[in-house]
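Open the model in your viewer and keep the selection panel at hand. The tour begins at a pocket and then moves along helix pairs.

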Amino acid sequence: MGQDTLVKPGARISLNDYDPGFCSGYHKRDTAVVDRLAADLETMRELQERLYAEGKQALLIVLQGMDASGKDGTVRHVMSGLNPQSCYVVSFKVPTPEELSHDFLWRIHRRTPGKGEIAVFNRSHYEDVVAVRVRGLLSEKECRRRYDQINYFEQHLVANGTRVVKLFLHISADEQKQRLEARLRDPTKQWKFRPGDLDDRARWNDYMRAYEDAIAACSTDLAPWHIIPANRKWYRNLVVAQIVAATLHEMDPQWPKPRADLSSLVIS
Ligand code: ADP
């Protein structure tokens with residue numbers, strides 16, 4: 001789909017090289033876009049059902065991005081097509097005292113999906129190498145140690161049957177300004193506004209550098225990062241749905257064999 005979203009393992013990246021307004025050959029949310037999204041959502045639904053029936057693999061989708069980058073919207077538009085029976089969303093906030101008394105992966109590991117399930121993390125362990133670092137609470141050395149721990153942790157999940165896909169929703173500073181302004185004006189969106197959002201916005205460049213480092217250090221063959229052009233919400237949804245559908249395809253869940261020979265059974 002045009003601009004490659006996959007971050008090649010070991011590559012250094014500059015987010016400036018990724019256009020947040022990119023939308024391939026599409027220009028607006030027309031019927032071609034709507035139809036394509038619907039087709040990918042249908043594929044996701046079918047494969048989710050098979051994943052659940054098979055009960056051998058799990059899928060973890062990690063969503064990261066600046067405030068107002070569309071993490072909630074992605075959950076609403078792309079994941080809402082899934083059956084809640086075997087899919088859930090976890091939103092990670094500022095850690096509680098109990099969470100802080102453990103290692104940073106403790107609260108993460110206990111929410112990872114069980115076999116047959118799909119979990120979406122709205123923020124994740126990457127806050128511990130991005131937000132924490134930008135706010136000056138983590139040395140560079142300790143941050144590099146955490147990258148290693150994250151890579152080991154994610155490899156451990158993969159080795160135990162969980163696919164890990166990480167999506168960075170990439171918006172421009174201008175787009176964020178417009179969205180935050182809209183939040184301030186719209187009474188139905190004001191609840192989403194935290195004064196702290198402005199502190200984070202003031203550190204935009206530091207956040208971009210921290211994301212570039214973390215994404216480069218932790219995009220691996222088994223747990224890749226994708227950078228999603230997210231200025232246009234409809235294009236973001238299209239790309240995310242396409243990646244999730246393609247990942248489920250690769251996982252190739254199989255319908256389990258019947259538990260017994262059913263051919264001679266008659267339901268009276
Ligand atoms: P959201 O913006 O996700 O809808 P909030 O407005 O409550 O929800 O913001 C969550 C805040 O929690 C963000 O500022 C984020 O950086 C912070 N946060 C999440 N995880 C951590 C963490 N491990 N350490 C520090 N801050 C964190």
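Select β4 (162-170) and α10 (233-251): each supplies at least two residues of the lining of the second largest pocket. Helices (H or I, at least four residues) and strands (E, at least two) are DSSP runs, numbered from the N terminus. This is a predicted model, in which local features need pLDDT of at least 70, side-chain atom pairs count only at pLDDT 80 or more, and totals for chains, interfaces and linings use all residues. Residues are numbered from 1 along each chain as its sequence is written, and side-chain values use heavy atoms, with hydrogens and water left out.

**The pocket**

Stay with α10, which gives the largest share of this lining, seven residues. The lining of the second largest pocket has 22 residues; Thr5, Leu6, His226, Ile243 and Glu250 lie nearest the centre. Colour the lining by class: 11 residues are nonpolar, seven polar and four charged. (Ala, Val, Leu, Ile, Met, Phe, Trp, Tyr, Cys and Pro count as nonpolar, Asp, Glu, Lys and Arg as charged, and the others, Gly among them, as polar.)

**α1 on α10**

α1 and α10 pack at about 35°, with axes 9 Å apart. Axes are lines fitted to C-alpha atoms, for helices over the stretch in contact, and angles run from 0 to 180 degrees between N-to-C directions. The crossing of α1 with α10 is left-handed (the near helix is turned anticlockwise from the far one by less than a right angle; clockwise is right-handed). Show side chains at the contact (heavy atoms within 4.5 Å). On α1, pick residues including Val33, Leu37, Met44 and Leu51; on α10, include Trp234, Leu238, Ala245 and Met251. By class, this contact has 13 nonpolar, four polar and two charged residues.

**α2 on α10**

The axes of α2 and α10 come within 10 Å and cross at roughly 65°. This crossing is right-handed. Gly73, Thr74, His77 and Val78 of α2 touch Arg236, Asn237, Val240 and Ala241 of α10. Here three residues are nonpolar, four polar and one charged.

**α6 on α9**

Last stop: select helix α6 (residues 140-159) and helix α9 (residues 204-218). They pack at about 45°, with axes 9 Å apart. Which residues of α6 meet α9? Tyr147, Ile150, Asn151 and Glu154 do, against Ala210, Asp213, Ala214, Ala217 and Cys218. The crossing of α6 and α9 is right-handed.

Note on methods
On a 1 Å grid over the protein atoms alone, a cavity is a set of points where a 1.4 Å probe fits but cannot get out, and a pocket is an open set with protein on both sides within 12 Å along at least five of seven lines; lining residues have an atom within 4 Å of a point.
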